[in-house]
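Please open the structure in your viewer and keep the sequence beside it, so that each selection can be followed in turn.

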Amino acid sequence: MALARSSTERLSDNFRRTGGTGKGLVCIDLAARLSRPLSAPDGSPLPAGGTLIIAGEDRKADVIRPRLDAADADPRYVHIFDQTFDLSDRPALESLIDKAEAALRKAGQELQLVIVDGSDK
């Protein structure tokens with residue numbers, strides 16, 4: 001499994017942009033693997049680290065946390081921001097990511113993955 005570091009990988013480019021295609025479950029699985037750390041499905045190693053989930057579609061308590069629990073994610077490494085967020089506000093998005101990185105570093109973790117789950121509107 002190859003994911004580029006220090007660049008933007010858009011999972012939605014590989015899936016249809018409509019719901020029900022499994023984007024969320026694939027992202028949850030990857031976040032869980034990074035939190036443990038476990039290898040990728042193809043056996044290649046993944047780095048240990050934190051994940052920031054910016055959830056515009058699914059709510060933390062109803063959908064995301066149960067999925068993370070089912071995937072056996074370590075909740076200390078997965079941070080969820082589940083409030084309404086304007087994805088077109090690039091400075092605010094970058095500020096949120098910077099704050100998440102700082103909080104993870106303070107806890108001795110490195111941010112490995114940012115998941116933005118929501119519409120592009």
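The tour below goes through a predicted model, one selection at a time.

Begin by selecting residues 23-35, which form helix α1, and then pick out Arg 33, which is placed within that helix. Is Arg 33 buried or exposed? With a relative accessibility of 18%, Arg 33 counts as buried, because the cut-off for that class is under 20%. If residues up to four places away in sequence are set aside, Arg 33 touches Leu 38, Ser 39, Ala 40, Pro 41 and Leu 46.

Next, select Arg 36 and Pro 37 and look at the peptide bond that leads from the one to the other, which is cis, with omega near -15 degrees. Pro 37 itself sits in the loop between α1 and β1.

Move on to strand β1, residues 50-55, and show it together with β2: the two run parallel and are joined by 4 bridges. Within this pairing, Leu 52 can be found opposite His 79 of β2.

Finally, go to the loop between α2 (60-70) and β2, where Asp 72 lies. At 48% relative accessibility, Asp 72 counts as partly exposed.

Notes:
Residues numbered from 1 in each chain as written. Predicted model: local features only at pLDDT ≥ 70, side-chain atom pairs only at ≥ 80, totals over all residues. Heavy atoms only, no water. Pairing = 2+ DSSP bridges. Buried < 20%, exposed > 50% of the residue type's maximum accessible area, 1.4 Å probe, protein only. Contact = heavy atoms within 4.5 Å.
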